[in-house]
Amino acid sequence: MLFILAVSAFLISISAKMPHPFYVSVTEIKFNKNNTAAISCRLFTDDLQNALFKLYKVKTSLNKKDTALNAFLEKYFKERLVINTANKNLTLHCIGYEIEEEATWCYFEANGANSNKISISNSLLYDFLPEQSNLIHCYVNNERKSFKLVNPQTQAVFEFN
């Protein structure tokens, strides 16, 4: 009987949704020759969903494909991800999101991108997760530069030739 209880407890513990042990997002910004930028951000789904609920009282699940969430995602990212080129902040337009395992990829486009010097302010999830780190990868002409921000650090600058 004790063996059955131990096995049952073990199975319940591995099947229960456990919080992930680290808090990190990845933002990729690809500058195109036509002065546009393609931005993709990968965050843990539960963290992003909790942030949307706490800030905007959004009660729907990101796991349910809902284009109405695009407006909330766009608002959230515009407030916490600022990309500046040629002394001009780019305007992010949400084009959608998708779930990949326990993470959500959010996709944005921006026009008017000049890719020589890029200043980025990224405070995604900093409001709720003091342990949050945000990785940024910038691509210009197939050249990649990266930077790691650790809460409360928000600023990264990339220069390309």
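In what sense do strand E3 and strand E7 pair, and over how many bridges? Strand E3 (residues 81–85) and E7 pair in the antiparallel sense, over five bridges. Two strands count as paired here if DSSP finds at least two bridges between them. Helices (H or I, at least four residues) and strands (E, at least two) are DSSP runs, numbered from the N terminus. This is a predicted model, in which local features need pLDDT of at least 70 and side-chain atom pairs count only at pLDDT 80 or more, while totals for chains, interfaces and linings use all residues. Residues are numbered from 1 along each chain as its sequence is written, and side-chain values use heavy atoms, with hydrogens and water left out.

**Strand E7 and its partners**

- Isoleucine 83 has isoleucine 120 as its bridge partner in E7.
- Strand E10 (residues 155–159) also runs antiparallel to E7, joined to it by five bridges.
- Isoleucine 120 turns up here again, with alanine 156 as its bridge partner in E10.
- Buried means under 20% relative accessible area, exposed means over 50%, and partly exposed lies in between (1.4 Å probe, protein chains only).
- In a regular strand, the side chains alternate between the two faces of the sheet.

**The six-stranded sheet**

- Follow the order E5-E6-E2-E1-E8-E9 and you trace an open sheet of six strands with mixed pairing.
- Strand E5 (93–100) and strand E9 (143–150) stand at the edges with a single partner strand each, so one side of each has no neighbour in the sheet.
- From one strand to the next, the twist averages 15°.
- Strand E1 (residues 24–31) pairs with strand E8 (residues 133–140) in the parallel sense, over eight bridges.
- Within this pair, lysine 30 has tyrosine 139 of E8 as its bridge partner.

**Two helices**

- Helix H2 (residues 45–56) and helix H3 (residues 69–80) pack at an angle of about 90°, and their axes are 11 Å apart.
- Axes are lines fitted to C-alpha atoms, for helices over the stretch in contact, and angles run from 0 to 180 degrees between N-to-C directions.
- H2 and H3 are therefore roughly perpendicular to each other (angles of 65 to 115 degrees count as such; under 35 is roughly parallel, over 145 roughly antiparallel, and the rest oblique).
- The residues making this contact include Leu48, Ala51 and Leu52 of H2 and Phe72, Leu73 and Lys75 of H3, where contact means heavy atoms within 4.5 Å.
- H2 lies across E2, E5 and strand E6 (103–111), running at about 100° to E2.
- H3 packs on the sheet too, touching E2, E5 and E6, and its direction makes about 105° with that of E5.

**Residues to look up**

- Serine 40 sits in strand E2 (residues 36–44) and counts as buried at 11% relative accessibility.
- Leaving aside neighbours within four places in sequence, the contacts of serine 40 include Val26, Trp105 and Cys106.
- Cysteine 106 is buried as well, with a relative accessible area of 0%.
- The structure holds zero disulfides (a disulfide is a pair of cysteine sulfur atoms within 2.5 Å), and the cysteine sulfur nearest to that of cysteine 106 belongs to cysteine 94, 6.5 Å away.
- Lysine 64, in the loop between H2 and H3, is exposed, with a relative accessible area of 56%.
- Lysine 64 and glutamate 98 are 34 residues apart in sequence and 9.8 Å apart in space, C-alpha to C-alpha.
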